[in-house]
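Subject: Structure handover

Hi,

Please find the structure below. My notes on it follow.

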Amino acid sequence: MKKAKLSKTGFLLLITIVMFAVMYIAGMIIFQDKGFAKPQMFLNLFISNAGLIVIACGLTIVMITGGIDISVGSVTALVCMSAADVMENKGMSAVFALFLALIIGLAFGVVQGYLVTYLKIQPFIITLAGMFFGRGLTAVISTKMISIKNKMFLAWANEKMYLPFGYTNRHGVLVHAYIYPTVVIALVVVVLIQIMLKFSKFGRALFAIGGNEQSAVLMGLNVKSTKMKAYVLDGFLAGLGGFLFCLNSCAGFVEQAKGLEMDAISAAVIGGTLLSGGVGTVVGTLFGVLITGTIQSLITTQGTLSSWWVRIVLSIMLCFFIVLQAIIGGAGLKKKDKGKEKTAKATT
Amino acid sequence: MQSNQSKWSRITHAPLFMPIVCLIAVLVLNVIQTPTFFKISINNGVLYGYLIDIINRGSELVILAVGMTLVTAASGGQDISVGAVMAVAAAICCQLLTGGQKTSSTLAMPIIVAAIIGILVAGLCGAFNGFLVANLHIQPMVATLILFTAGRGIAQLVTKGQITYERAPSYKVLGGYIGKCPVPTPIFVAIITVIVMQLILKKTALGLYVESVGINGSASRLVGLNSTMLKFITYVICGLLAGLAGIVASSRIYSADANNIGLNLEMDAILAVALGGNNLGGGKFNMMGSIIGAYTIQALTTSLYAMNVSADQLPVYKAIVVVIIVVIQSPVFRDKIANASKKRKAVA
């Protein structure tokens, strides 16, 4: 059984990586003249999606336990808006804004986690309410767009880190490729969470709960506190991701990050996290984010398609992967049933 | 004393108790705010007043709530794509009527045909959701999340990214007034919808079947009900009703605005169902409760507008109401309260 599960994870991850490679290489061939093949273009995928990577990692943790959180997009908007508001209108420092962002995320995580785990309310309803609450609160702070001009914040946002490689331009000068610190933070988060999921007691407990909550209880795991911690961690990462998102956009407005929850869920699902819980890796999620990013940049590079196509293509992808999961999961279930029947027959 | 208490508890435990109390609470709040709240006058030959406005504006919500109640009862989940489906139906109907033009004051085809095509396409969206939920066993909210994000994109593509105006006077009838009749047409549409649905549910066994599938899907299957088919049908009905609501909404503003038709209405519809005393986890349902719930929500919206709350900020209050309702509904919370009151009695 264990082997079957492992291969299922591996299979989904493999599909994701192959899909990403195919899409990216196709993009490189089709849009060769538009600079799709430059290394910087690849790094831009990370730069523009650093926040999403962190948010999607948080979501993956919750989804492994069999829950979901669709409030992350609104939390991001709220974080950006409140960060912009405290820095521009209240004259606070960027450090304070960062703390505020993390506290907002934690607050969402704690409240939603409590309602979901201790009062046993469907996570979807609670986080849907959280989604509307966050978006509404953003509008309460300001309905106008606030662009951030705080010096320290902009210094953080524009700090380029040059890499030892790059491409040679027309004049034969080597232009170094660069990344922003946000990318480093995002990748560190991915690595830390992957280690946590693989090797820590908490991480293994998450999988056990997602696989079968009742067995987890019988095994003696503290299901409630583990789930609660998962939601709190998810909230914290949503806050952090929101701040990274803000470092990229340098502004706060009501409509910001609309549909980000969809991107994050798609990324996790495309990366092989099962919606029913119990299976998932953040590395897969990272590739999921890269795929969504590639779709976005393919469509924007193409130029004539309207931006609505991004959402539609993404939805189709999500649909495809959900159906794929349902088929794989369904096949697994049938096998289990057959196995049960066999054992039942054997005992009789 | 004893009989008094039991009579009181019979009243408080009546299925319609909670929704009616909520409605009265909102209405009282309104009367305090605006003493002329219940005044109905006739201006320019039509009825005019807050109350009429609420009943009129609440029509779409009532139509949606009927569909949402069925979906909730059968599948234990909610359809969050209804707002987007409304936009799709409106976009298709208006595009057909204008013959593909941006604005038009003539009709390219009979309104009834265009409306029916729009509603059928919405039904198709419902069928898509239903297929994912019933046949592939995907959680309802994840399945409908696909259309929730893609739906408005599709509507934008249909209207070519613009707002389509259909200025023919006959198109305004559905969202306005029939001839000299002083009562707005949407009220009739809502009433007819409710009556037709009630007839279908009560005169056929559909209502009973839906409840039994919601209470225990596999048991219903074993007694010979096709639970997959039943779930699928509820989603199709929900889609068709969302389409109808979309066309009424578009007729009100004699245009199709892909971004704003049905915006945030999915939240209102879920709220109406919850407020109506229906368990969001599926099973038994109470259609009248949902309808009263829908009018309560509309009254709440209108009164919040009257208190100068902007449309962007509305979701904050609604989200809080949702959380309060689901917390009160949650069995764990009820047990806690019951235990606490028992303890208090024991101490006394």
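Start with a loop. N264(B) lies in the loop between β5 (255-256) and α12 (265-275) of chain B. Helices (H or I, at least four residues) and strands (E, at least two) are DSSP runs, numbered from the N terminus.

Two ground rules first. This is a predicted model: local features need pLDDT of at least 70, side-chain atom pairs count only at pLDDT 80 or more, and totals for chains, interfaces and linings use all residues. Residues are numbered from 1 along each chain as its sequence is written, while chains are lettered from A and ligands numbered from 1 in the order in which they are written.

**Positive phi in chain B**

N264(B) is not a glycine, yet its phi is positive, at about 65 degrees. Most residues other than glycine have a negative phi. N264(B) counts as partly exposed because it has 18 C-beta neighbours inside 10 Å. The cut-offs: a residue is buried if 20 or more other C-beta atoms lie within 10 Å of its own, exposed if 12 or fewer, and partly exposed in between, with C-beta atoms placed from the backbone.

N308(B) is another such case. Its phi is near 65 degrees, again positive in a residue other than glycine. N308(B) sits in the loop between α13 and α14 of chain B. With 7 other C-beta atoms within 10 Å, N308(B) is exposed.

V309(B) is also found in the loop between α13 (287-306) and α14 (314-329) of chain B. V309(B) has 17 C-beta neighbours inside 10 Å, so it counts as partly exposed. Setting aside residues up to four places away in sequence, V309(B) touches L304(B) and L314(B). Contact here means that the C-beta atoms of two residues, placed from the backbone, lie within 7 Å.

**Helix packing in chain B**

How do α4(B) and α11(B) run relative to each other? The axes of α4 (residues 59-75) and α11 of chain B come within 9 Å and cross at roughly 170 degrees. The two helices are therefore roughly antiparallel. Angles under 35 degrees count as roughly parallel, over 145 as roughly antiparallel, 65 to 115 as roughly perpendicular and the rest as oblique. Axes are lines fitted to C-alpha atoms, for helices over the stretch in contact, and angles run from 0 to 180 degrees between N-to-C directions.

On the α4(B) side, the contact residues include I63(B), L64(B) and V71(B). On the α11(B) side, they include Y235(B), C238(B) and L241(B). The residues of this contact divide into 17 nonpolar, four polar and two charged. Ala, Val, Leu, Ile, Met, Phe, Trp, Tyr, Cys and Pro count as nonpolar, Asp, Glu, Lys and Arg as charged, and the others, Gly among them, as polar.

Helix α9 (residues 206-215) of chain B has these buried residues: Y209(B), V210(B), S212(B), V213(B) and G214(B). Their cover includes α4, α10 (217-222) and α11 of chain B.

**The core**

The largest nonpolar core has 210 residues. Such a core is a set of buried Ala, Val, Leu, Ile, Met, Phe, Trp, Tyr and Cys residues joined through C-beta atoms within 7 Å. L64(B), A65(B) and M86(B) are among those with the most contacts inside it. Helix α11 (residues 227-252) of chain B gives the most to this core, with 15 residues. Beyond four places in sequence, A65(B) touches A269(B), A272(B), V273(B), S290(B), I291(B), G293(B) and A294(B).

**Between the chains**

The contact takes 33 residues from chain A and 33 residues from chain B. On the chain A side, α5 (123-141), α11 (260-270) and α13 (308-347) each give two or more residues. The largest share, 12 residues, comes from α5(A). That side of chain A divides into 24 nonpolar, six polar and three charged residues.

**Chain A**

K227(A) is in helix α10 (residues 223-249) of chain A. K227(A) counts as buried because it has 25 C-beta neighbours inside 10 Å. Leaving aside neighbours within four places in sequence, K227(A) is in contact with T65(A), T117(A) and I209(A).

A107(A) is in helix α4 (residues 94-117) of chain A. With 14 other C-beta atoms within 10 Å, A107(A) is partly exposed.

The unreviewed UniProt entry annotates "transmembrane region" on spans of chain A including residues 12-31 and 177-197. Such annotations may be inferred rather than shown by experiment; positions are in the numbering used here, and feature names are shortened. Residues 12-31 of chain A are 95% helix and 0% strand, with end C-alpha atoms 28 Å apart. Residues 177-197 of chain A are 81% helix and 14% strand, with end C-alpha atoms 32 Å apart.

Best wishes
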